[in-house]
Amino acid sequence: MGTKILVIGANGQLGSVLTKELQKKYTMENVIASDIKKSDDCKGIFEVIDATDINRIQEVVERYGITQIYHLAAILSAKGEETPLTTWDINMKTLFNVLEVSRKNRIDRVFFPSSIAVFGEGAPLENTPDDAYLNPATVYGISKAAGENWAQYYFLRYGLDVRSIRYPGVIGYQSLPGGGTTDYAVDIYHKAVMGEEFDCFLKEDATLPMIFMDDAIRATIELMEAPKESITVRTSYNIAGISFSPQEVVNEIRKLYPDFEVKYNPDFRQEIAARWPKSIEDASAKKDWGWKPEFNLKEITEIMIQKLQEKYKKGSKNKEILLL
Ligand code: AKB
């Protein structure tokens, strides 16, 4: 039987781009995109799935003979703090549903995204290693730290091949993030291209680990395609892209837009960012499946600005309409 992939959370920042890449690689008919609402942007097969409903996941898995699941649906760090218990319920319930359906249907491979949000006090802020102490201070981070352990549990107990990456902030022109602490690093490029002042919710020196969308997608597919024997981390792999502060992005943007204005008004998200690593050590990903990032801040800035200029030139000033 060939590979049949189900992407849960296919309308999201990462999911929408990953789905297209998987469709290119595995063909349109072998990738089933799903999310809680239908997307007009999705070209291939789409199923509406509320991932808190295990029967609905089961139905789609059976109908298409799914062999791999990418479970990307979650409430992120900043949004999650508005309703902590609901965030916990949704993030954990959807994961348990995916793990249970995968176990019962003998799914070959499952992808579960974790995050740098699993780290907090007690972990080194610079070059944080895979096995650093996990002491998350957001409900999102707690759900990801627990999720990593559940992923490992299903592997050890049932042999389910669950693989995971701890994503840094993801920066891409293709889609918009929603509800994260690292979202500023996408928004700032939109404001620059639209000729608007940027109001930054982090401090100018709040350095965080980030990764360009193309690197993040490549890492995900490389991990999922790696031979099973080479996977030695069954909780989640650290991956490093680059690290920068808001002021460093501003400086880079000003090389192209010298009049770009920014104001710093740190809010509760600064408290979240202050507990996260500034940079990540990713020796295991490099050793086990050959991980290597390709994009630095200069390249990311040039590509973001060029691609967003092209999109905004096409007409709309409204980035929601433009990108969806
Ligand atoms: C967030 O900011 O919550 C996410 C993440 C780092 O997982 N982008």
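In which sense do strand S1 and strand S2 pair, and over how many bridges? I looked this up before anything else.

**Entry 1: ground rules.** I am working with a predicted model, where local features need pLDDT of at least 70, side-chain atom pairs count only at pLDDT 80 or more, and totals for chains, interfaces and linings use all residues. Residues are numbered from 1 along each chain as its sequence is written, and side-chain values use heavy atoms, with hydrogens and water left out.

**Entry 2: the sheet.** Strand S1 (residues 5-8) and strand S2 (residues 31-35) pair in the parallel sense, over four bridges. I noted the terms: strands (E, at least two residues) and helices (H or I, at least four) are DSSP runs, numbered from the N terminus, and two strands pair if DSSP finds at least two bridges between them. Within this pair, I found Val7 opposite Ala33 in S2. The open sheet has seven strands in the order S3-S2-S1-S4-S5-S6-S10, with parallel pairing. Strand S3 (45-48) and strand S10 (237-238) stand at the edges with a single partner strand each, so one side of each has no neighbour in the sheet.

**Entry 3: helices on the sheet.** Helix H4 (residues 84-104) packs on the sheet and touches S1, strand S4 (68-71), strand S5 (109-115) and strand S6 (162-167). Contact means heavy atoms within 4.5 Å. The direction of H4 makes about 175° with that of S4. Helix H7 (residues 213-225) lies across S4, S5, S6 and S10 and runs at about 155° to S6. For these angles, axes are lines fitted to C-alpha atoms, for helices over the stretch in contact, and angles run from 0 to 180 degrees between N-to-C directions.

**Entry 4: helix H6.** Is helix H6 enclosed or open? Ten of the eleven residues of H6 (residues 184-194) are buried, so the helix is largely enclosed by the rest of the structure. Buried means under 20% relative accessible area, exposed over 50%, and partly exposed in between (1.4 Å probe, protein chains only). Among the buried residues of H6 are Tyr184, Tyr189, His190 and Lys191. After H6 comes Gly195, whose phi is positive, near 75°.

**Entry 5: the cores.** A nonpolar core is a set of buried Ala, Val, Leu, Ile, Met, Phe, Trp, Tyr and Cys residues joined through side-chain atoms within 4.5 Å. The largest has 45 residues, and Ile171, Tyr184, Tyr189, Phe244 and Met304 have the most contacts inside it. H6 gives the most to this core, with eight residues. I checked Phe244: leaving out residues up to four places away in sequence, Phe244 touches residues including Ile171, Tyr184, Leu208 and Leu297. A second, separate core of 34 residues includes Ala10, Leu14, Leu22 and Ile211.

**Entry 6: rings.** Rings of Phe, Tyr and Trp (its six-membered ring) pair if their centres lie within 6.5 Å; planes under 30 degrees apart count as stacked, over 60 as edge-to-face and the rest as tilted. I found twelve aromatic pairs by this rule. The rings of Trp150 and Tyr154 have centres 6.5 Å apart and planes at 55°, so this pair is tilted. Both residues lie in helix H5 (residues 139-158), four residues apart, about one turn of the helix. The rings of Tyr153 and Tyr154 have centres 6.1 Å apart and planes at 70°, so this pair is edge-to-face. Tyr154 is buried at 6% relative accessibility, while Trp150 is partly exposed at 32%.
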